[in-house]
Amino acid sequence: MGRLWSPVAAVTCHWQGETNAQIAVSLSAASIVPSQPRVLVQIYKDNHSWRLIRESRAFAANFLRPSRLDLLRRFGFLSGRDTDKLAGVSFRPGKTGSPILQDCWGYLDCRVVNIMDGGDMTCFLGEVVDGQTLSDGEPMYWRTARREMPSQWNDEWERRITAQIRLSETAMRHIDYTQPPFP
């Protein structure tokens with residue numbers, strides 16, 4: 001499954017004065033119509049960003065440059081409940097109000113048009129309202145980042161993902177099929 005992962009995307013969001021950033025579980029194209037681009041992003045329900053995206057109905061996918069392993073760790077290993085993950089990071093508000101990172105490979109600013117419960121996570125379907133490629137070359141990919149991270153970061157990641165898998169194994173069996181997908 002790891003070979004199916006998308007480029008590393010820092011998903012940013014803003015709601016009622018709160019901002020956050022996290023590394024997406026997965027992000028993929030969800031439209032072949034050039035005039036109506038859409039993406040699908042998966043966010044774990046226990047992540048701080050989940051509520052902000054659900055309430056604001058918006059997010060931005062900021063694709064990291066390969067040289068920004070520091071942002072991978074900052075956005076992927078810490079919780080926005082415990083720290084302001086965007087403190088000291090240059091960004092501007094996008095058209096949806098979601099933060100657009102100034103030092104990223106490129107971004108997609110999205111308005112949520114639908115959601116799907118996955119038990120442990122939610123799939124947010126986003127209509128792209130703005131986007132741009134800001135760098136030459138390729139964005140960061142997880143398989144490359146794992147090889148370049150210090151061994152202690154890899155160890156920390158393994159501990160975190162093992163704990164998340166234990167939580168997900170139970171939560172995946174509890175999808176609420178009775179609720180409409182979008183209130």
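Me: What makes strands S8 and S9 a pair?
Reply: Two strands pair if DSSP finds at least two bridges between them. S8 (residues 106-117) and S9 are joined by 11 bridges, so they count as paired. The two strands run antiparallel. The hairpin of S8 and S9 has 3 residues between the strands, and its Gly119 takes a positive phi near 90°. This is a predicted model, in which local features need pLDDT of at least 70 and side-chain atom pairs count only at pLDDT 80 or more, while totals for chains, interfaces and linings use all residues. Residues are numbered from 1 along each chain as its sequence is written, and side-chain values use heavy atoms, with hydrogens and water left out.

Me: How do you know that S4 pairs with S9?
Reply: DSSP joins S4 to strand S9 (residues 121-133) by 7 bridges, and the rule asks for at least two, so this is a pair. These strands run antiparallel. Val39 stands opposite Gly126 in S9.

Me: Is His48 called buried or exposed, and why?
Reply: Buried means under 20% relative accessible area, exposed over 50%, and partly exposed in between (1.4 Å probe, protein chains only). His48 has 12% relative accessibility, so it counts as buried. His48 lies in helix H1 (residues 48-56); helices (H or I, at least four residues) and strands (E, at least two) are DSSP runs, numbered from the N terminus.

Me: Why is Asn47 not put in the buried class?
Reply: The relative accessible area of Asn47 is 22%, so Asn47 is partly exposed. Asn47 is found in the loop between strand S4 (38-44) and H1.

Me: What makes the link between His48 and Glu18 a polar contact?
Reply: The term means a pair of N or O atoms within 3.5 Å; within protein, one must be able to donate a hydrogen and the other to accept it, and residues adjacent in sequence count only if both atoms are side-chain atoms. The side chains of His48 and Glu18 make such a contact at 2.7 Å. The side chains of Asn47 and Gln22 are joined by another polar contact, of 3.1 Å.

Me: Which residues touch Asn47, leaving aside its neighbours within four places in sequence?
Reply: Asn47 is in contact (heavy atoms within 4.5 Å) with Gln22 and Arg81.

Me: Why is the pair of Phe63 and Trp105 called edge-to-face?
Reply: Rings of Phe, Tyr and Trp (its six-membered ring) pair if their centres lie within 6.5 Å; planes under 30 degrees apart count as stacked, over 60 as edge-to-face and the rest as tilted. The ring centres of Phe63 and Trp105 are 6.4 Å apart, with 90° between the planes, so the pair is edge-to-face. Both Phe63 and Trp105 are buried.
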